[in-house]
Every structure is written in structure tokens, then in C-alpha cells.
Amino acid sequence: MQIGNLANRPCFFVGIGGSGMMPLAMILAGRGARVSGSDRNLDSGRVPAKFDDLAARGIALFPQDGSGITSPGQLVIASAAVEDSVADIVAATRLGCQRATRPELLSALFNDSRLPIGVAGTSGKSTVTGMIGWILHACGRDPTVMNGAVMKNFATADAPFASALIGNGEAFVSEVDESDGSIAHYRPRIAVLNNVSLDHKGLDELRTLFAGFIAKAETAIVNIDNDEAALLARQRPAAQITTFGIARDADFTALNLVEAPFSIGFDLAVGGNPPIPVRLQVPGRHNVANALAAIAASVAAGVPLTEATTAVAGFTGLRRRFDLVGEAGGVAVIDDFGHNPDKIGATLDTLHAFTGRLLMLFQPHGYGPLKVMRHDLVEALAARMAPDDILVLPDPVYYGGTVAREVTSADIVADLRAAGRDARYVADRAAAAALLVAEARAGDRIVVMGARDDTLSLLAAEMLARLGEGGAGATT
């Protein structure tokens with residue numbers, strides 16, 4: 001896609017509040033484009049603070065009724081969830097506006113940058129992107145960062161939804177999505193591949209997409225703890241590949257892990273150099289792997305190893321990635337983005353490294369992914385749930401449109417109950433949350449998991465408030 005000079009270009013985002021749309025809109029606005037947009041969640045009053053943040057950045061917001069699209073000179077960017085029948089798209093078609101999808105525009109910006117660093121993989125993309133962005137920022141490289149999650153290091157009271165960072169340096173760091181196949185549009189100089197596992201697509205298609213992605217890079221940073229990623233790495237010339245792993249014979253290796261409830265330490269071995277002690281402010285073995293990827297990518301970008309390891313210790317995490325909301329009555333409430341087998345498995349492994357019952361609310365992120373993941377999701381949950389853990393599944397998130405409901409939350413619960421786990425189907429999310437609040441006792445950890453729904457964070461906060469009130473009343 002040819003985008004030309006964006007300075008003062010009028011750009012209209014249909015679905016501007018989406019996790020992939022909002023940071024892209026921020027980057028364009030920061031580069032001088034005249035950005036405006038609409039969102040059905042704005043019209044329905046969902047998560048108003050997000051739209052207040054956009055407005056504070058000088059981005060004009062309109063109802064999703066076509067009123068914001070008035071000139072054929074506007075570039076109209078639509079999220080994948082927006083159908084052609086939406087009034088804004090009808091207006092854009094009538095006026096003959098240039099159209100772009102989010103990945104088309106993002107990949108054009110990414111490919112035009114001087115140092116494109118792409119982060120791919122089924123899990124961990126947002127965290128690794130945030131870690132690389134923080135390392136480069138802390139080391140004075142002034143990067144631009146496109147993330148699908150809010151980076152706590154860059155969030156402030158005036159800008160609470162910091163899922164983008166706009167810099168003037170060479171690096172453009174972005175997570176790259178395989179779910180819609182758009183990963184094929186990106187041309188990274190440095191490519192990170194965290195892992196390959198089921199989520200939206202089958203493994204054969206994923207292998208093809210990820211293999212094509214790392215083949216384009218001058219340097220590909222690959223996780224050899226993941227068998228599928230390691231296989232793809234072996235298919236490339238050794239000079240192109242930098243490997244990382246935990247207790248493996250990798251270029252970047254983590255040894256002597258020491259876990260804590262909300263942090264983790266390890267020794268980093270690179271080549272024949274003496275091990276470097278690293279302490280992260282985020283927990284779990286999966287975050288050690290994420291840190292290895294980020295350090296290796298930053299070194300490939302020219303950051304000295306010692307500076308990169310010092311900087312990563314300052315990374316404070318992402319919102320909705322094992323995010324401690326608070327504690328009340330001896331019960332901790334954690335907000336987490338876990339929605340596929342790998343992510344959920346990593347969260348449960350991290351929590352079960354320490355004592356305490358888990359009360360989990362998992363809202364699936366769609367009927368289609370639930371069908372693809374059914375077997376692996378049930379296997380991951382059944383293997384990790386302790387006998388006294390409780391898992392409650394409401395219906396999947398649904399924003400309208402036509403969708404086949406071949407596999408439902410009730411099916412997942414039936415599979416887990418057959419495996420002897422305490423899983424419960426409660427269709428209404430508020431009732432599911434109220435059940436867990438009523439069940440909670442001191443020493444428990446409540447975990448709210450799911451993707452594609454910003455109101456899950458509000459739900460977690462409401463559950464914490466109910467706990468503080470002694471658990472009385474319903475949660476909304």
C-alpha cells in the first residue's frame with residue numbers, strides 16, 4: 001500500500017478504540033496526521049476513559065453514523081470487525097475515499113522505517129514488544145512502538161492508555177499478527193519468533209506464515225524451547241538465526257531461575273561470557289523467555305548487552321498481563337489476557353508455583369477460536385487445575401454479526417468436568433463473577449482471563465470492590 005506523506009493527511013478510523021487501532025491512530029496523530037474516528041463502544045458508552053484519552057490527544061470522535069466522513073480526501077481505516085453495511089463505510093464508499101485495513105497501514109509504516117523490528121508468535125508478542133520498546137527507550141534510542149496492550153512504563157495520569165510510543169529514532173517496534181494472515185505484509189530487519197501453537201489457525205498454515213516472516217529478516221531471534229519454532233529456525237542459515245531458551249544450548253540462555261509471586265530472577269549466559277544476574281518485575285518462566293527475546297533483539301539493534309540487561313529490569317509490565325488489580329480480605333484479584341492454551345497455561349503455571357486456590361473466570365474471545373482450540377484448551381486446563389480450583393466460563397464475547405456457534409463455553413465445561421475438574425458454565429458474565437466472589441476465602445487468587453474485551457478489566461476491579469465489601473451483593 002502506498003500511503004505517501006501523512007503530515008496533515010485526514011485519516012478516519014472506523015473502530016478507533018480497538019486494541020490494534022488505537023495505538024496506530026496515536027502514532028499517526030503523533031506524526032502530524034489529522035486523525036478522527038468512530039467506535040460502536042463509544043456510542044454505547046463502554047470504557048469512556050479510553051475515548052477521553054484519544055480526545056485529549058486532539059483526535060476528533062464521531063458517532064458511527066457516517067457523520068465523520070465528509071470528504072473524498074480522507075483516508076478511511078477500518079478494523080476487521082467493521083462490516084460494509086456500517087454507516088461510516090457506506091459514506092466512505094459513496095464519497096470514493098481511499099480505504100485501508102489496519103494491517104495494510106501498519107505494515108506500510110513499519111516497512112518504511114529505518115529499523116523495523118517485528119515481534120511474532122502465538123503468545124508473548126505484546127510483552128516482548130513492550131520490553132524491547134522499554135530497553136530502546138531507556139538506552140536513549142527514542143523508538144516508535146506499536147503495541148496491542150497498555151505499557152505501564154509509559155502510562156501516566158494524563159495518558160493512561162499508552163499502547164503506543166512515538167519516537168524520532170530509527171527503530172519501529174511492532175507486534176505482528178498472524179491471525180488474519182497479514183504477517184505476510186511485513187519486512188522486518190529484526191524478527192522475533194516467540195513460539196508457534198494453536199490459536200486462530202491450524203499448525204500447517206502457521207508454519208508457512210512464520211517461516212516466511214523470519215526468512216525476510218537480517219536477524220531472526222527464535223525461541224528454541226518451542227519445538228515448532230526451533231524446527232523453523234533449523235531451516236534457515238545459521239548466520240541469520242539467534243536462538244534463546246531456558247537451560248538450553250542457545251545463544252541467549254537463562255539459568256538458575258528464582259521465582260517470586262510477582263517477579264523472577266535468573267542468570268543470563270551469552271556465549272562464553274560470565275553469567276549476568278537479571279531480576280524482572282514481572283513473574284513466571286514465560287516472562288524469562290520474553291526477556292531473553294527482548295534482550296537478544298535489542299542487542300541485534302545495537303544496544304550493548306550490559307545496557308540491555310540493566311534496562312529490562314526496569315520494565316514494569318503491561319496492563320492485563322498478569323496484572324495485580326489489588327487484594328481484599330486476603331484474596332488477590334489478577335487481570336490477565338490469557339485466552340489460548342499457551343497463555344492460560346503460562347498464567348496457571350506461574351500461579352501454581354505458590355500456594356493458594358485459584359478461582360478463574362475465563363471469557364472466551366470468540367466461537368471460531370473456541371472451535372479451533374477446543375482440544376488443546378481443555379488439555380491445558382485439565383493438566384493444570386488443582387483439585388480445589390474452580391473455573392467458571394460465561395458465554396464468549398460477542399459484538400454482533402453472523403457467527404457459527406458449533407463449540408460453546410458449555411462444551412468446554414462438559415469436557416473439563418469429564419476430566420474431573422471443577423468447571424462451571426454460567427452464561428451471564430455478571431452472575432459468573434458473583435459466584436466466584438461468593439466462593440472466595442482468604443488465601444485464594446481470583447483470575448479474570450480473556451481477550452478482545454476491555455470491560456474485563458472493569459469487571460476485575462468490580463470484583464475486588466465486592467470483596468472489600470465482604471462479598472455481598474451482585475457483581476455487574
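**View 1. Arg-357 and the residues around it.** Leaving out residues up to four places away in sequence, Arg-357 touches Asp-388, Asp-389, Ile-390, Glu-439, Ala-440, Arg-441, Gly-443, Asp-444 and Arg-445; contact here means heavy atoms within 4.5 Å. The model is predicted, so local features need pLDDT of at least 70 and side-chain atom pairs count only at pLDDT 80 or more, while totals for chains, interfaces and linings use all residues. Residues are numbered from 1 along each chain as its sequence is written, and side-chain values use heavy atoms, with hydrogens and water left out. Arg-357 sits in the loop between helix H11 (341-352) and strand S18 (358-363). Helices (H or I, at least four residues) and strands (E, at least two) are DSSP runs, numbered from the N terminus. With a relative accessible area of 9%, Arg-357 is buried; that label means under 20% relative accessible area, with exposed over 50% and partly exposed in between (1.4 Å probe, protein chains only). A polar atom of the Arg-357 side chain lies 3.0 Å from the backbone oxygen of Glu-439.

**View 2. Helices H14 and H15 packed together.** H14 (residues 429-439) and H15 (residues 455-468) pack at about 35°, and their axes are 10 Å apart. Axes are lines fitted to C-alpha atoms, for helices over the stretch in contact, and angles run from 0 to 180 degrees between N-to-C directions. H14 passes H15 in a right-handed crossing; a crossing is right-handed if the near helix is turned clockwise from the far one by less than a right angle, and left-handed if anticlockwise. On the H14 side, Arg-429, Ala-433, Leu-436 and Val-437 make the contact, and H15 brings Thr-455, Leu-456, Leu-459, Met-463, Arg-466 and Leu-467. Sorted by class, that gives seven nonpolar, one polar and two charged residues. Ala, Val, Leu, Ile, Met, Phe, Trp, Tyr, Cys and Pro count as nonpolar, Asp, Glu, Lys and Arg as charged, and the others, Gly among them, as polar.

**View 3. Helices H9 and H10 packed together.** Here H9 (residues 285-300) meets H10 (residues 305-312) at an angle of about 140°, with 9 Å between their axes. H9 and H10 are therefore oblique to each other: angles under 35 degrees count as roughly parallel, over 145 as roughly antiparallel, 65 to 115 as roughly perpendicular and the rest as oblique. The crossing of H9 past H10 is right-handed. Ala-291, Ile-295, Ser-298 and Val-299 of H9 are in contact with Leu-305, Ala-308, Thr-309 and Val-312 of H10. That makes six nonpolar, two polar and no charged residues.

**View 4. Leu-232 in helix H8.** Leu-232 belongs to H8 (residues 227-234) and is buried, at 5% relative accessible area. Skipping residues up to four places away in sequence, Leu-232 touches Leu-193, Val-196, Arg-207, Phe-210, Ala-211 and Ile-214. Leu-377 is 145 residues from Leu-232 in sequence, and 24 Å away C-alpha to C-alpha.

**View 5. Thr-243 in strand S12.** Look for Thr-243 in S12 (residues 241-246). Thr-243 is buried, at 15% relative accessible area. Its contacts, not counting residues up to four places away in sequence, are Val-222, Ile-224, Ala-250, Asp-251 and Phe-252.

View 6. Val-47 isn't a glycine, yet its phi is positive, near 50°. Val-47 lies in the loop between helix H2 (40-44) and helix H3 (48-56) and is buried, with 13% relative accessible area. Asp-142 also has a positive phi, about 50°, without being a glycine. Asp-142 is in the loop between helix H6 (125-138) and strand S7 (144-146), and is partly exposed at 33% relative accessibility.

Conventions. Polar contact = N/O pair within 3.5 Å; in protein donor to acceptor, adjacent residues only side chain to side chain.
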